[in-house]
Amino acid sequence: LIGAAGRPGAGGGGGAPAPRRRRAAARLRHRAARATWPLLSPALHALRLVLGAVRYVAPPIGSLLLRAAGWPLVLSGPGLVSDLEEALYAAKVCSYAQGIALIQAAATEHGWDVEVSDLARIWQGGCIIRARLLDDVGRAVRNREAPEDSILLDPALAAAVSRRQAGWRRVVMRAAEAGVPTPALSGSLAYFDTLRHARLPSAALIQAQRDFFGGHTYARVDRPGMHHTDWPGSA
């Protein structure tokens with residue numbers, strides 16, 4: 001037996017047998033895991049969506065690094081540090097926005113009872129993130145007019161990202177010119193630009209391509225119904 005003093009055979013407190021205490025501790029951990037799973041499950045669902053392609057990209061990257069040894073990769077110059085700071089901040093805000101949107105969509109689709117407004121508080125209370133930025137993120141989530149609204153519609157976050165987007169774009173552009181991959185920075189920028197447009201020319205191009213090679217028709221913004229064009233050279 002482990003007594004109150006914590007020594008084998010010690011008396012006094014009448015401590016419970018060690019196996020019994022271990023079973024009690026295991027039950028507590030199990031209860032805690034069951035209590036947090038409704039929140040963790042959609043988060044993991046979102047994580048799989050984001051990271052699903054990475055496992056297919058990472059092995060080829062590893063072999064490329066071996067072959068690319070000696071390739072000149074230069075990324076420097078005046079203003080780079082301040083641009084990187086702005087790019088990191090803006091990309092982090094967009095990453096939180098995308099993650100929250102994915103969790104919200106998954107929760108809606110699968111009927112999960114998730115308090116999305118608690119995500120920022122839980123993330124900040126963990127041992128990894130603890131970013132002061134999450135205070136602003138949590139406030140933006142709580143102030144949304146509708147669950148599907150992006151936190152990037154929050155005036156304070158929108159202004160903060162807008163002030164930093166010039167440096168953010170310069171970093172992504174210079175990295176691409178230097179051949180340095182920046183998947184997080186460039187991916188977040190693509191997400192940000194997608195949200196900024198009511199209609200994207202890329203969507204119109206995709207519809208036109210589908211109609212060209214398969215006659216799938218396309219929708220127009222100036223007239224109702226579906227349409228088809230006899231494209232030159234499509235026969």
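1. Basis. Residue numbers start from 1 along each chain as its sequence is written, and side-chain values use heavy atoms, without hydrogens or water. Because the model is predicted, local features need pLDDT of at least 70 and side-chain atom pairs count only at pLDDT 80 or more, while totals for chains, interfaces and linings use all residues.

2. Overall content. The protein has 8 helices and 2 strands (DSSP runs, H or I of at least four residues for helices and E of at least two for strands, numbered from the N terminus). Their order from the N terminus is α-α-α-α-α-α-α-α-β-β. Of the 235 residues, 26% count as buried (under 20% relative accessible area, with a 1.4 Å probe and protein chains only). Among contacts (heavy atoms within 4.5 Å) between residues at least 6 apart in sequence, 52% join residues at least 24 apart.

3. α3 against α6. The axes of α3 (residues 80-110) and α6 (residues 155-178) come within 7 Å and cross at roughly 125 degrees; axes are lines fitted to C-alpha atoms over the stretch in contact, and angles run from 0 to 180 degrees between N-to-C directions. The two helices are therefore oblique to each other, the class left over once angles under 35 degrees (roughly parallel), over 145 (roughly antiparallel) and 65 to 115 (roughly perpendicular) are taken out. On the α3 side the contact includes Leu80, Asp83 and Glu86, and on the α6 side Arg164, Trp168 and Arg170. By class, this contact has 13 nonpolar, 1 polar and 5 charged residues (nonpolar being Ala, Val, Leu, Ile, Met, Phe, Trp, Tyr, Cys and Pro, charged being Asp, Glu, Lys and Arg, and polar the others, Gly among them).

4. α3 against α7. Here the axes are 9 Å apart and the packing angle is about 65 degrees. Residues of α3 including Ala87, Ala91 and Gln98 meet Leu185, Ser188, Tyr191 and Phe192 of α7. The contact of α3 with α7 has 9 nonpolar, 3 polar and no charged residues.

5. Ile151. Leaving aside neighbours within four places in sequence, Ile151 is in contact with Val93, Tyr96, Ala97, Ile100, Val137, Ala140, Val141 and Leu157.

Notes: Buried means under 20% relative accessible area, exposed over 50%, partly exposed in between (1.4 Å probe, protein chains only).
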